[in-house]
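Student: Could we go through this chain together? I would like to start with the overall layout and then turn to the details.

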Amino acid sequence: MTKPIIIRELPANKVKQLLADKKFARFKPEACNQCGEKRGFMRRIFKITGVTKAKQGDDETQRLLQFHFKQRYAIDFIFFRTHGQQFFVDSAVCDSCQSTAVTYDIEIDDEVLAKIAEYTGRSKAQVKSGLEMVYQRLQDYTR
Ligand SMILES: [Zn+2]
């Protein structure tokens, strides 16, 4: 018998608490796919229980959850997050057009730079200038 999957939306105070944690808040809404708005997103975060750690990254599990969120909550884009020992689904609603197709991005702060430097064996300065070059090229590319 497998345990049932339980999905609970976090109340506003819990969302606020989670977003006060830099490690969680770093990955955040970046732009609305519908209207292009870059600020003013309402976060909806759900706690998922009953999915084992090994299954959390599973394509099938994620597809199932995606389908469920689309059907049950009419949320188009969801992001799977693990934080501490917990498993969450993170989503955002655009204030301007109410779309839930909101893309996320990771904020590259000093701590993230240090991690990338550690993983790639480069200095933080090298990583930073490399990223800046990529951003510059992407801007030229999308212009
Ligand atoms: Zn929008």
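Student: Into which domains is the chain divided?

Tutor: The chain has domain 1 (6-107) and domain 2 (108-143), with bounds that come from an automatic or database domain assignment. Please note that this is a predicted model, in which local features need pLDDT of at least 70, side-chain atom pairs count only at pLDDT 80 or more, and totals for chains, interfaces and linings use all residues. Residues are numbered from 1 along each chain as its sequence is written.

Student: How far apart do the C-alpha centres of domain 1 and domain 2 lie?

Tutor: Those two centres are 25 Å apart. The C-alpha trace of the chain spans about 50 × 35 × 30 Å along its principal axes.

Student: And what does the secondary structure come to?

Tutor: There are six helices and six strands, taken as DSSP runs numbered from the N terminus (helices: H or I, at least four residues; strands: E, at least two). Their pattern along the sequence is β-α-α-β-β-α-α-β-β-β-α-α.

Student: Which strands form the open sheet, and in what order?

Tutor: Four strands do, in the order β1-β3-β5-β4, with antiparallel pairing; two strands pair if DSSP finds at least two bridges between them. Because β1 (6-9) and β4 (79-83) stand at the edges with a single partner strand each, one side of each has no neighbour in the sheet.

Student: How many bridges join β4 to β5?

Tutor: Five bridges join β4 to β5 (residues 86-94), and the two strands run antiparallel. Phe-79 stands opposite Asp-90 in β5, while His-83 has Gln-86 as its bridge partner. The hairpin of β4 and β5 has two residues between the strands, and Gly-84 takes a positive phi near 60° there.

Student: Changing topic: what percentage of the residues count as buried?

Tutor: Of the 143 residues, 13% are buried. A residue is buried if 20 or more other C-beta atoms, placed from the backbone, lie within 10 Å of its own, exposed if 12 or fewer, and partly exposed in between.

Student: How many of the residues in helix α5 are buried?

Tutor: The count is zero among the 11 residues of α5 (residues 110-120), so by that definition this helix is hardly covered. Just after α5, Gly-121 takes a positive phi of about 70°.

Student: Last one: what share of the contacts between residues at least 6 apart in sequence join residues at least 24 apart?

Tutor: That share is 69%, where two residues are in contact if their C-beta atoms, placed from the backbone, lie within 7 Å.
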